[in-house]
Amino acid sequence: MKNLHRSILFIFMTVLSFSATAQLQHNGILNEPPDISKDFEDYRNTFYLADELASFDPVTATGTVKYNRHNLTTRQAFNNMLSRLVKAEANEFPTTEYAVSPELPFRIQFVSERTIRIRMSSGPQFRDEEPSLMLVDGTAPSDRKSWNYTAITGGHRYTSRFGKVEIMENPWHVSVYDASGKLLTSTLHSGDVKNTYTPVTPFSFIRRAEDYSRSMAAVFSLSPDEKIFGCGESFTQFNKRGQKVILWTDDANGVQNETMYKPVPFYMSSRGYGIFMHHSTPITVDFGKYFNAANAMMIGDDEADLFLFIGDPKAILGEYTALTGKAEMPPLWSFGFWMSRITYFSEKEGRAVAKNLRKHKIPSDVIHFDTGWFDVDWRNNYQFARDRFDNAGKMIADMQKDGFQVCLWQLPYFTPQNTLFPEIVEQGLAVKDRKGNIPYEDAVLDFSNPETVRWYQDKIAGLLRQGVGVIKVDFGEAAPASGLYHSGRTGFYEHNLYPLRYNKAVAEITKKEKGYSLIWARSTWAGSQRYPLHWGGDAATTNTAMAATLRGGLSLGLSGFTFWSHDVGGFVTKSPEDLYRRWTPFGMLTSHVRSHGEPPTEPWEYSKEFLDDFRAADNMRYRLMPYIYAQARHSSENGLPMLRAMFVEFPDDPGSWLIDDQYLFGSSLLVAPLFEDLTARNVYLPPGKWIDYQTRQVYEGGWHRIAPGAVPIVVLVRDETVLPHIALAQSTKDMDWNRIKLNVFSTTGKAWGIIHRPGDTRIHDIKVAEDEGKFRLKTDPYRGKVQFEISN
């Protein structure tokens with residue numbers, strides 16, 4: 001009875017805390033994402049516009065750019081106030097000591113045949129350059145030999161197999177072309193926008209009047225019908241063209257607003273290029289919102305460090321992840337179903353959940369204990385509550401024998417009542433403020449401090465040695481923006497790096513203790529994709545939240561993340577049965593799947609009909625495990641998302657660039673979830689034939705009204721596909737990988753697929769062809785060691 005009262009109180013308080021105190025935006029409150037664009041609209045600031053190439057060495061591709069000083073002024077015309085930039089005189093004294101039109105460093109670095117790096121500076125840099133946490137090797141490689149130099153009239157040209165870069169001297173431009181000669185994008189000079197009355201800020205930097213700090217605006221052209229995708233797990237409209245995006249990690253308190261748990265300073269264009277803004281400061285990007293021909297990357301930093309990639313979406317993602325890192329392949333069991341809620345409070349509850357999963361034949365591999373496994377809810381001290389967990393180690397061991405791994409929640413913030421609080425503060429392990437105190441009432445671990453990382457990893461290691469399989473890396477978005485960090489930098493530079501440092505700390509100790517890199521994290525920055533995996537935050541239990549969740553997952557996948565999950569059914573309140581029923585197969589057809597949120601989340605707590613539907617969707621996933629596992633391996637090796645936007649596979653199909661409510665799961669399954677309680681939905685099919693996974697009906701490319709099958713979702717298979725299946729098991733531990741069923745979906749008499757079993761060193765191709773009315777194996781990668789059954 002005591003535990004029942006405790007659970008009811010916890011649920012009541014949690015609902016209050018999340019519904020009544022969610023962050024409001026644009027109110028100037030703690031951790032509101034800073035909008036750098038405001039500094040480029042401030043009449044007090046001084047503007048320096050990039051004007052001409054003052055010097056350049058073609059051999060090293062380095063030189064200087066001259067910047068002309070301007071002020072933002074007003075002009076009244078016919079009762080309308082206009083803004084404009086006008087040339088300005090120097091305002092420094094002595095006048096002999098400071099440049100009116102400074103000439104500042106500019107450099108092109110050739111990283112690969114498809115990748116160039118543009119580096120600019122708004123002033124001298126006295127801090128030694130350090131290895132970058134965002135880059136996989138700490139620094140970018142050089143491939144100068146792949147680019148040939150040619151002097152051209154008024155400038156310089158570098159050419160590779162995949163494109164060319166032209167640098168014009170006066171006016172200064174950097175223009176990037178593909179191999180066919182099509183202009184992809186170019187820097188904007190003030191002369192480029194003289195033919196409009198709209199006051200457009202060109203490529204420039206500003207010097208703030210309030211503190212003399214500087215920020216760069218890297219402004220590039222946008223073309224008609226150009227579309228922009230990426231920027232992390234963005235829940236707003238999929239195509240970012242016409243939007244202003246603020247890149248600042250934030251507890252978004254949901255999935256239907258413009259702030260992000262997982263911002264990533266990278267995007268790609270439908271025109272055939274992508275850009276990585278190699279910075280950790282706040283960034284605001286105006287993708288043609290203010291002026292539709294200008295892409296303004298307003299970077300908080302006093303430098304601009306941009307990597308530009310040439311190619312189709314797959315090539316761009318391959319180049320970007322080669323630079324910032326590809327996701328390590330997670331263990332097989334992580335691809336099974338994760339059962340969770342807020343929260344299981346005791347060993348008794350955990351064992352009951354495990355028992356019920358097996359009793360009701362719900363295949364599952366992970367049981368997660370959320371905020372209630374400590375003595376006091378949310379008070380993270382890395383210790384199981386002794387009065388509610390008689391023998392945590394034995395519980396974990398028993399669950400492992402039954403095919404369950406245990407996941408534990410924790411966070412990097414420590415309240416004053418936490419028994420670890422004095423130790424953290426006294427040992428200097430927390431972020432400090434300008435006085436040397438801590439900025440918040442909580443102590444926030446400073447992961448830029450190696451001593452903090454060692455202390456923290458020791459705590460996590462103790463749990464992993466106890467048998468815990470994976471740690472939930474929750475929060476991480478609220479690193480103090482004004483804090484002083486051990487790195488010597490302020491939160492202006494460290495805030496966005498905090499999730500990356502946090503992800504890295506847990507993944508690396510997990511790798512050391514368990515032999516694999518696996519976390520369950522909410523916040524990210526560029527490079528976090530190296531440490532799988534991440535889930536989609538606190539979705540509402542509504543149709544629109546389900547749709548926004550998919551948009552966020554698609555956007556994150558286009559930002560270099562291979563693996564991603566979300567809270568099936570939504571998080572904030574008890575999921576309505578109909579919504580949960582439709583959301584379940586969507587979750588089952590993403591790279592990883594977890595039911596989590598306000599209780600109940602367990603399928604047996606709903607109707608028998610729901611339980612049957614949930615089981616059917618789960619069974620579908622477990623039978624598809626050979627397909628999922630092989631696609632995961634291929635995706636991780638190539639920097640591709642498992643949950644894949646249509647145009648990644650069909651870049652030459654204009655229609656595929658317009659779709660944000662369906663996706664490809666791997667390369668061969670097209671998935672269209674039901675976002676409303678409908679008997680059918682409109683589905684767009686790229687060119688070619690598509691075969692319904694559940695009914696075997698064949699469709700041609702184009703728009704169709706398609707009804708779901710027995711599992712309430714539309715799933716179609718690309719023609720000429722072999723889908724490997726495995727016999728149903730209640731845990732991945734019990735799967736027999738020596739017996740594989742090959743389901744053939746083909747209208748042409750031939751089909752192809754891939755397979756990758758646990759323990760394989762590489763991915764294998766599987767080809768079948770029709771012979772006397774039956775499909776037969778043309779290639780056997782295992783030479784008879786695996787028994788294949790072929791079905792069509």
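Leaving aside neighbours within four places in sequence, Ser-517 is in contact with Glu-328, Ala-507, Lys-511 and Pro-532, where contact means heavy atoms within 4.5 Å. The structure is a predicted model, in which local features need pLDDT of at least 70 and side-chain atom pairs count only at pLDDT 80 or more, while totals for chains, interfaces and linings use all residues. Residues are numbered from 1 along each chain as its sequence is written, and side-chain values use heavy atoms, with hydrogens and water left out.

Ser-517 is found in the loop between α8 (498-514) and β26 (519-521); helices (H or I, at least four residues) and strands (E, at least two) are DSSP runs, numbered from the N terminus. With a relative accessible area of 6%, Ser-517 is buried, a term that means under 20% relative accessible area, as against exposed for over 50% and partly exposed in between (1.4 Å probe, protein chains only).

One joins Phe-93 and Pro-94, with omega about 0 degrees, and Pro-94 has its place between β3 (80-87) and β4 (103-110). Another runs from Ile-342 to Thr-343, with omega near -5 degrees, and Thr-343 is found between β20 (337-339) and α3 (347-359).
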